[in-house]
Amino acid sequence: MKQIIDRFLRLSEQGKLLFDEPLAPYSSFKIGGPADVLAKPDTQKDLIDLLIYAIKREIPWFILGKGSNLLIGDKGIRGLVISMEGFNKITRDENYVSAFAGQSLKELCRFCMEEGLSGLEFACGIPGSVGGAVFMNAGAYEGEIKDVLYCSKCLTPTLKSLQSTNPILHLKKEAHMFSYRHSALQDRGLIHLSSVFKLSPAPRVDILKRMEELDQMRNDKQPMDMPSAGSVFKRPPGHFTGKLVDDCGLRGFRIGGASISNKHCGFIVNLGGATAKDVKDLIEHVQSTVYERFKVHLETEIRQVGEM
Ligand SMILES: Cc1cc2nc3c(=O)[nH]c(=O)nc-3n(C[C@H](O)[C@H](O)[C@H](O)COP(=O)(O)OP(=O)(O)OC[C@H]3O[C@@H](n4cnc5c(N)ncnc54)[C@H](O)[C@@H]3O)c2cc1C
């Protein structure tokens, strides 16, 4: 126990254990109240000890990537929020690239391009971390994480597993059970530590050209200059969300500081000062309007956490 407290004190002295820390700066929406405690461990041992400490005392905990797919409540998140930003290494072994959970996905794509490895071009404009991308099976432009993922290392957040001599769970690709914006990590509540991606050698200029094309397409169609959390809703089978929302006359529709983007009706943007409640009310308004008109249910892709 003393050792654990000493390590927590060290984290605190290093500014890696913050109390009542506002979470808006950690979310791409720029919305969210405070975390009771925000921890930023950068060793596996500290991460495991934080989890053990919380689980033993029944303190709720939440894993934060780069906050680009989250609507964090106005009253914040109770208990412990663990940011994975301290885990951010990339290494290459032949055609395999390994990346830690907190690594930026965009930087990983850039690394692969510089190494002349193709496969991750589709992801070059997706904000967020590697852990968040694997957890969400992030995808764009006909590509998904599942197409390039080889294997991952995770933690099972139970006392029995975390206190065992080897707490690391090795997941082969099939065990991720990937489907559209879904992975087994969501069902099993696993904590992602790192993944290996299997890529193919290709000329750097070709990879860069494709990345630039995709960036251009994204900038042309999406409101990349405004705070948002990307597409709010999953794509309903046989439909395009943006068109359904537009056909309901909701382009630019506002509640408080939250608005349906004028550029892409599948996005909600924060015009400045939007609350989580504004966004939540707008989501519900869109869902009920689209359902009334087209009998299509829009399921949210963004994840709501904390108290609204
Ligand atoms: C402008 C914009 C454009 C976007 N475009 C796309 C797109 O084209 N395609 C797409 O798929 N997404 C897109 N997104 C959404 C978002 O970028 C992705 O979902 C991204 O993968 C989320 O990663 P994150 O690190 O930000 O996760 P967070 O938002 O921090 O978390 C998302 C979920 O993942 C969990 N999580 C995060 N890290 C871990 C971990 N290490 N272990 C366990 N759980 C973890 C969190 O608990 C949470 O439940 C976009 C977002 C924005 C703002």
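I take contact to mean heavy atoms within 4.5 Å, and with that cut-off I looked up Leu108, which touches Ile90, Val97, Ala99, Leu120, Val130 and Phe197 when residues up to four places away in sequence are not counted.

Notes on the model. I am working on a predicted model, in which local features need pLDDT of at least 70 and side-chain atom pairs count only at pLDDT 80 or more, while totals for chains, interfaces and linings use all residues. Residues are numbered from 1 along each chain as its sequence is written, and side-chain values use heavy atoms, with hydrogens and water left out.

Entry on the cores. I searched for nonpolar cores, that is, sets of buried Ala, Val, Leu, Ile, Met, Phe, Trp, Tyr and Cys residues joined through side-chain atoms within 4.5 Å, where buried means under 20% relative accessible area, exposed over 50% and partly exposed in between, with a 1.4 Å probe and protein chains only. The largest nonpolar core has 32 residues, and Leu108, Leu120, Val134, Ile145, Phe197 and Leu199 touch the most other members.

Entry on the salt bridges. Counting a side-chain nitrogen of Lys or Arg within 4 Å of a carboxyl oxygen of Asp or Glu, I found 18 salt bridges in the whole structure.

Arg78 is partly exposed at 30% relative accessible area, and Asp36 is partly exposed at 27%.

I then turned to Glu144 and Arg181, which form a salt bridge with their closest N and O atoms 4.0 Å apart. Glu144 sits in strand 10 (residues 143-144) and Arg181 in the loop between strand 12 (168-172) and helix 6 (184-188), 37 residues apart. Glu144 is buried at 15% relative accessible area, and Arg181 counts as buried at 13%. Through shared partners, salt bridges join Glu144, Lys146, Asp147, Arg181 and Glu301 into one network.

Definitions and conventions:
Helix = DSSP H or I, 4+ residues; strand = E, 2+ residues; numbered from the N terminus.
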